[in-house]
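Colleague: I have not looked at this one before. Can you walk me through some side-chain contacts?

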Amino acid sequence: MSSLGEWRDKMKLDTRTCIRAGFTVAAVYLFIHYWSVIAGGIGLALHAASPLILGFVVAYAVNILMSVFERVYFPHTHNRLLNKSRTIVCILLSYLSLIGIIALIIGLILPELTNCVKVLIAKIPPLMDQISRMLQNNKEMSGVVKEFGTITANGNIDWQGIVTKAADWMAGSLGGAMGLVGSVVSATFSTTFNVIMSIIFSVYLLAGKKKILSQIKRTAKAYIKNGLYEKIRYFFGVFNESFHSFIVGQCLEAVILGSLCAIGLLVLRMPYAGMIGALIGFTALIPVAGAYIGGAVGFLMIATESPVQAVVFVIFLVILQQLEGQLIYPRVVGASIGLPGIWVLAAVTVGGSVMGVSGMLLFVPLASAVYRLLKEDVDKRTS
């Protein structure tokens, strides 16, 4: 009888296993066969939830600044009014500080950039005259221009004719342009709405972060075994520390790079030193490659004053960027997240190839967390 019972239990187990295997195979088949539909549904869900996702990202970043104010604003007071106002005041101070930093950067960049554009516009007519004389002296180019009917009887270039033809071409394309304008307006409105909703959602998250975290912990403990719960908690704690340290280190590295750039430009006696330094620091928030984006704008601005100085600026920026990429960034950001410099560069390279700029920002803290978990597991297994 006992052997018969064991056989029945084994048959039940085998039947249950077969059913599970069958459901697994069917699920995998349906997933592969209807992947386009599933991917479309996932994309639609992510697009609909994009304000919430962006709001969570904003709240996570602002919370780093908010935690600083929470450590300063009466942390151990027993005053009931101060305790109630603590969260609201710290949120307000965090957003005001962030707005102040952005306003300071814009204040440093925008006036100089406006003056540069004015200088550039003022230099366009002499440049046109120079091109005109060059075309007149070049017989081949003159023949090409003459074919388009843009040379007058006295041999000068008919700029008015060129403008007229360009206006006619633009008028013919007006229908497409109006459609493009409509698309731009719609996209601008949608983006503005998403940004506003994200900021509102981030404020709600920050205001109720203690309650939300408490609810998540209670729910997890209710449905997850204690041992597994502690592992999951530690896992997410490592990722949280990595992202927190990465954001702090990235901001510190941007300040260092921007300051070095401004000091170097002042030593070289180049124009727009403060503005370009602020721009380089701001764009350096994009790991490794970000400074080159600001460098392109800086090159154009300095070129309006002196092309030779613009070339010198490019050489200086390349040297500074190499110094930053090989020494400053791996040591500052790598040290803050506990990731060796070579793996920081590897994460930036792979992340940029896979997801562009967002991949550069995401893969470094992800690599740091994976590196730490793997190192701890290896140490545990080999000890």
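Modeller: This is a predicted model. Start with Asp-379 and Lys-375: both sit in helix H14 (residues 341–382), four residues apart, about one turn of the helix. Their side chains form a salt bridge, 3.3 Å from N to O.

Colleague: Is Asp-379 buried or exposed, or in between?

Modeller: Asp-379 is partly exposed, at 38% relative accessible area. Lys-375 is partly exposed as well, at 45%.

Colleague: What does Asp-377 pair with?

Modeller: Asp-377 meets Arg-381 in a salt bridge of 2.9 Å, N to O. These two are also four residues apart in helix H14, about one helical turn. Arg-381 is exposed, with 68% relative accessibility, while Asp-377 is partly exposed at 32%.

Colleague: How many salt bridges are there in total?

Modeller: The count is five. One of them joins Lys-209 and Glu-70, with the closest N and O atoms 3.3 Å apart. Lys-209 is in helix H9 (residues 209–223) and Glu-70 in helix H3 (residues 50–72), so this pair ties together parts 139 residues apart in sequence. Both count as buried: Lys-209 at 19% relative accessibility and Glu-70 at 14%.

Colleague: Changing topic, how many aromatic pairs did the search find?

Modeller: Three, across the whole structure. Phe-235 and Phe-236 are edge-to-face, because their planes are at 90 degrees, with ring centres 5.6 Å apart.

Colleague: And which way do Phe-235 and Phe-239 sit?

Modeller: That pair is tilted, with planes at 50 degrees and centres 4.7 Å apart. Ring pairs link Phe-235, Phe-236 and Phe-239 into a cluster. Phe-239 is buried at 15% relative accessibility, whereas Phe-236 is exposed at 56%.

Conventions. Residues are numbered from 1 along each chain as its sequence is written. This is a predicted model: local features need pLDDT of at least 70, side-chain atom pairs count only at pLDDT 80 or more; totals for chains, interfaces and linings use all residues. Side-chain values use heavy atoms; hydrogens and water are left out. Rings of Phe, Tyr and Trp (its six-membered ring) pair if their centres lie within 6.5 Å; planes under 30 degrees apart count as stacked, over 60 as edge-to-face and the rest as tilted. Buried means under 20% relative accessible area, exposed over 50%, partly exposed in between (1.4 Å probe, protein chains only). A salt bridge is a side-chain nitrogen of Lys or Arg within 4 Å of a carboxyl oxygen of Asp or Glu.
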